[in-house]
Amino acid sequence: MDFTLPPLLTSLVDRGNGLLWGSVLIYLLIGAGLYFTVMTRGIQLRYFGHMFKLLRSSRQSNGGISSFQALSTSLAARVGTGNLAGVAVAIYFGGPGAIFWMWMTAMVGMATSFVESTLAQAYKTDHGDNTFRGGPARYIERGLGLRWLAVLFSICLIIAFGLAFNSVQANSIAQAMEQAFAIPTWAMGLVLMAVVAPIIFGGLKSIAKVAELVVPLMALLYLVLALVVVGLNISDLPAAIMTIVRSAFGFEQAAGGAVGYAVSQAIMNGIQRGLFSNEAGMGSAPNAAATASTRPDHPAAQGFIQMLGVFLDTLVICTATAAIIIMAGPELMSGEENNGIQLTQMALSSHVGDWGGMFIAVAILLFAFTSVIANYSYGESNIEYLAGRRAPVAVMIYRLAVLAMIMVGSVASLGAIWNFADLSMGMMAIINLVAILMLSPVAFALFRDYEEQLKAGKEPVFDPSRFPKLVNKVDPKAWPKK
């Protein structure tokens, strides 16, 4: 079964994606990241160790959602098939140098993630069950007073993350299980529905608890395997690093006279895949960031924690995939069919044997499954925002729709749905980036307040009354005056 759109609509969607992802979003995302980096004086470098220090004290949540659980939820969405297939696509089309530009994208993206997650915390609202809700929709309405723009953002997010991407993730799981273990796609769809249903019907606390358990485990197993591969090929490691750096600046292609084209392809593919993977600036992760009870009791604390999410996703997990592929040798990329997950599977199999392909299939299962439940949580937060008092009924309908889309995704070809979701995600990213640029003075003020208290030897505490731009805009139940 293949879902297709009318030719005219297909053409409009393709043109929209070409405009958004081919030029506008790349410049806007990178430009915003550089601006935030400069204005915070390199926050991702100066406070690199502080992120890990906060993580060690982030598990206490007083019955709510801890900072660690919020990080796990956002990582569940970030760490998906893009970490396996996306890296392979970047290397296939952009060469090994694309990985260098993925690293650079993540570095500036860490500052963007800090700003959007800090704003999500500042403008979060009390949900009445020791948890909170927030994200771009709420800081757009509360901070900018633009309800209509907040509604448009929520609709785009629900279409992209809540429904379409969950179908795509289910499709990835079903196809991988069919290829590796001959499990029929319809059967895998039923199994997914049966596993996902009790988790999403348990609400955001249930999702946070599952993410807290599964995400660290799956990431650790994958990294251990990557370290084994590197260990088996340790003598090739310096050459692999030099290949990435030389290819990033065209030195590998200099002899062939195609330097300009090679560098442009490395930059374009590296940035695009990096942005798809770490989601910094997209407006998705702030929905998870807002749910947390922070420790210290300050919005900037979750900003630091979410910066760590970008680092782990791209600079750690994507780099692990890149090492597996590059150390396997360039001959694997000779076939046109080896431009996605097949390249990762073949590369791993060349290192560890035939079971490497099955391991990647299981990795896809875990990565995509956690993405499904995290994507659902983003949608639920925005459904509640749109529905208001009717939220319980709306959330129930949404849960059933998500389960239906999982089944559809398992058995259908989703090229058209994927393209439409890309357009929807591109629109929400532009809305979010414009909003956080306009609200960045608030985020910078919160950062300075946090930094000043930290340098004075105090545990930072947020007092809304000290911020004129936040007075009467924050939820007093979420942030009572100190």
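Guide: R133 and E384 form a salt bridge, with their closest N and O atoms 2.9 Å apart. R133 sits in strand β3 (residues 132–133) and E384 in helix α16 (residues 355–387), so the pair ties together parts 251 residues apart in sequence. This is a predicted model: local features need pLDDT of at least 70, side-chain atom pairs count only at pLDDT 80 or more, and totals for chains, interfaces and linings use all residues. Residues are numbered from 1 along each chain as its sequence is written, and side-chain values use heavy atoms, with hydrogens and water left out.

Visitor: Why is the contact between E451 and R41 called a salt bridge?

Guide: The term requires a side-chain nitrogen of Lys or Arg within 4 Å of a carboxyl oxygen of Asp or Glu. The N to O distance for E451 and R41 is 3.1 Å, so the pair meets the definition.

Visitor: What makes E451 buried?

Guide: Buried means under 20% relative accessible area, exposed over 50%, and partly exposed in between (1.4 Å probe, protein chains only). E451 has 5% and is therefore buried.

Visitor: How do you know which class R41 belongs to?

Guide: R41 has 46% relative accessibility, so R41 counts as partly exposed.

Visitor: Which residues are linked with R41 in a network of salt bridges?

Guide: The network links R41, R46, E451 and K455.

Visitor: What are the classes of D463 and R466?

Guide: D463, at 9% relative accessibility, counts as buried, while R466, at 42%, counts as partly exposed. Their side chains meet in a salt bridge at 4.0 Å, N to O.

Notes:
Helices (H or I, at least four residues) and strands (E, at least two) are DSSP runs, numbered from the N terminus.
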